[in-house]
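Please open the structure in a viewer and keep the selection tool at hand.

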Amino acid sequence: MTRLFHYCKLLLITSLFALLAVPLSAQSKKNDYHFPQKQTPVGLVPCGKVVVFGYNEKSVYAPRANELSTFNGKILNVKFNPTGSTYIVVNAGKKTSEASVLNFNGESHKFNAKKMGTPLAAAYTADARKLLLATNRGIVVMSAMNFQPLDTIPAPFTVTDMKMSDNSYYLLLRNDHQVAVYNFEEKKIRKKWKFDEKVTKADFSNDNSEFAILTDDGVLSIYDTRSFLIKKNIEGLGQGLSFSYNYDGKYIAVATAPNLIVLVNLLDDTDREHVEVPAGGVSVVEFLIDSQQSQMLAYNATKSINVKRLTSLVPYYNKLIADGADELMQEWLKMMPGETMEQYRARVNDESRAKQRRLFEDKIATDLAGDLASMSKISLGKYDRSNQMLALEFDNMPSIFLPVPENAVGAFKNTDDISIEDAQYGVLPNDNFELIYAKFHNKANNETYIYNNLDRVPLNFEQSDDNMVSLEILQQQQMEELKLQELKKKVVEEAKSRNVISDHTNITVDSRIESAYDANGKKILNYKVKFSYEVEAGFSVQEDFGPGKYQVDESGAAKSMLTLVKQAFEGDFKQYIEAGKKLSVSISGMADATPIRNKIAYNGVYGNFENEPVHQNGQLAAISVNQKEGIQRNEQLAFLRAYGVKDYLERNVNGLAEMNRNYTYSIAVAEGKGSEFRRIIAEFTFVDAF
């Protein structure tokens, strides 16, 4: 195929990306988008979080584009590589099923059914590095790049669909009446189900904490993935055709009939919103998000693919509060400048941690709530004489009982006389706000009454993981960070003495302990250590990457930072460099916006790359670099700067090669121009470190 054909295909496909990635304010005012099709789609296939493709029995196509590919027989299964660079199709031919991986250049790779077995279904891992093919002989795990087999997994039944969880812990297998979830790494079944009813879909929530199975009797069963014990059953979902979790896991969309989709609040499943589809033909639903995190719902209908922007869904406040409090607690738990370990132990204890976290939660909840009390219509309830409490009822929050002496009750006649000050809010298990503190001033008698429920019983799911980390481990981590800071000073001074960097380069190190769970549901503690640097504008061209430069030894700042990494991991952190232990390394490479007028020669020092998975703008994408075509885009420079970190680590840090390492790359191109935007960051996560 010609380059022009390739370009046209990509242009057609990215038309939907452009539509879904642009905020509503930049588009038309409508919230519903309709893409007519020649035939009714039988399936939709998400590609990342922002785009979806359709297919019928013969063809795969983009919503606004021509057919991407056409097959003889019947298409059984379609999955897109998370980078969007390729997709796999399993189709039933006249004699047997076939499986092919295709790219948008019209090129394809067909699997040998005699060698691998009859293909039945396929899936990609979330990092786009592995491709799984279910056959009548079992499941073949292979490289998504070159299709070389890496492993095999037995199948407990004939598989018609499968999927990997986003954290790569779990492999889901299913057919019409059976479902199984594997611990993917250990190749062991975590849970297996058999249903009399037809299973229409099974899937994980985006944060991998839940797993749901939908059957055609309209029952959705939700399980906790730590134990795979049932959390709840939601009934009354009609024909139970399909479902999809929204991005924060608060809502789930269920196609209950060919002409009806129901949005269910999972915290209160009586709270349901209906989306009617007069054209009918609905059989698949998929949640999408745009660049502004606006939620959209894609669904098929008679001869169309549709995308509906959802404006009525409320954020998952408890998660927002928990995540925000986690970040604030991580900073609060650090040793202050000049603070001794004795002072740290006196400041940070179980009681002070719990109190401080509650303060952070209440502050975040109050900021999220806005001014609910003043916007509410207040009415007076009954007076409890025995406890001297006056009930105040709100139309947007639960009622409260305000302490009011009996001799003052008579002054509460007109709610217009009551003003509210210093209101603070919390969030209930159903994610609704409640008033937890406020001052009520009554103009009738010029008295102020205080409502104080700040010491309410905390919610279990509001408790942060850091509360589960022992003080001894926190103190150990703080001592190690102090040693890191001392080592940093030594490395920086040595680099300055050799004129590698100057006072205009600032290297930073940061560490934290995060509680997590492994694929067997066991609680573990991960140790994260982050290294980064910044060079002042005007000096970075001498001390960091120059224009078009990407090798680590071409940046004094990068070399100094990585020298610190090497000395730390071969010194005080050596105890965590253990053979066979998991280590996740996330590397960010950045470039400025200076345009590349002519291609930059690439010397092939790191090898050639074809559709290498990288994260960009919160999405997984693919990038290619080779010696023949050189470097033509700033994204390629950013990637090579990131990959150079891996190359340095693998060649220079003793013991690292013995660990179970996983590298991920993030690239960014700044809006500004200048060498101060050319830098790298490396974050190391020692999994189950303690």
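The stops below concern a pair of helices, a tyrosine and several salt bridges. The model is a predicted one.

**First stop: two helices**

Select residues 556-569, which form helix 9, together with residues 634-652, which form helix 10. Their axes lie 11 Å apart, and the helices pack at an angle of about 35°. The crossing of helix 9 past helix 10 is right-handed. To view the contact itself, display Leu562, Thr563, Val565 and Lys566 on helix 9, and Val645, Tyr648, Leu649 and Asn652 on helix 10. Five of these contact residues are nonpolar, two are polar and one is charged.

**Second stop: Tyr665**

From Tyr648, proceed to Tyr665, 17 residues away along the chain; the C-alpha atoms of the two are separated by 15 Å. Tyr665 belongs to strand 40, which spans residues 660-669. Is Tyr665 buried or exposed? Tyr665 counts as buried because its relative accessibility is 2%, and the cut-off for burial is under 20%. Beyond its neighbours within four places in sequence, Tyr665 has contacts that include Arg129, Ile587, Glu612, Phe639 and Tyr643.

How many salt bridges does the structure hold? There are 38, and a few of them are visited here.

Select Lys163 and Asp203, whose side chains meet in a salt bridge with an N to O distance of 2.8 Å. This pair links distant parts of the chain, 40 residues apart: Lys163 is in strand 14 (residues 161-164) and Asp203 in strand 18 (residues 199-204). Lys163 is partly exposed, at 34% relative accessibility, whereas Asp203 is buried, at 8%.

Next, select Asp350 and Arg353, which form a salt bridge with their closest N and O atoms 3.1 Å apart. Both residues are in helix 5 (residues 350-369); they are three residues apart and therefore separated by about one helical turn. Asp350 is exposed, at 52% relative accessibility, while Arg353 is buried, at 3%.

Now select Glu434 and Arg456, where the salt bridge has an N to O distance of 3.5 Å. Glu434 lies in strand 33 (residues 433-442) and Arg456 in the loop between strand 34 (447-452) and helix 7 (471-497), so the bridge ties together parts that are 22 residues apart in sequence. Glu434 and Arg456 are both buried.

Select Asp326, Arg357, Arg358 and Glu361 together. These four residues are linked in a network of salt bridges.

Key: Residues are numbered from 1 along each chain as its sequence is written. This is a predicted model: local features need pLDDT of at least 70, side-chain atom pairs count only at pLDDT 80 or more; totals for chains, interfaces and linings use all residues. Side-chain values use heavy atoms; hydrogens and water are left out. Axes are lines fitted to C-alpha atoms, for helices over the stretch in contact, and angles run from 0 to 180 degrees between N-to-C directions. Helices (H or I, at least four residues) and strands (E, at least two) are DSSP runs, numbered from the N terminus. A crossing is left-handed if the near helix is turned anticlockwise from the far one by less than a right angle, and right-handed if clockwise. Contact means heavy atoms within 4.5 Å. Ala, Val, Leu, Ile, Met, Phe, Trp, Tyr, Cys and Pro count as nonpolar, Asp, Glu, Lys and Arg as charged, and the others, Gly among them, as polar. Buried means under 20% relative accessible area, exposed over 50%, partly exposed in between (1.4 Å probe, protein chains only).
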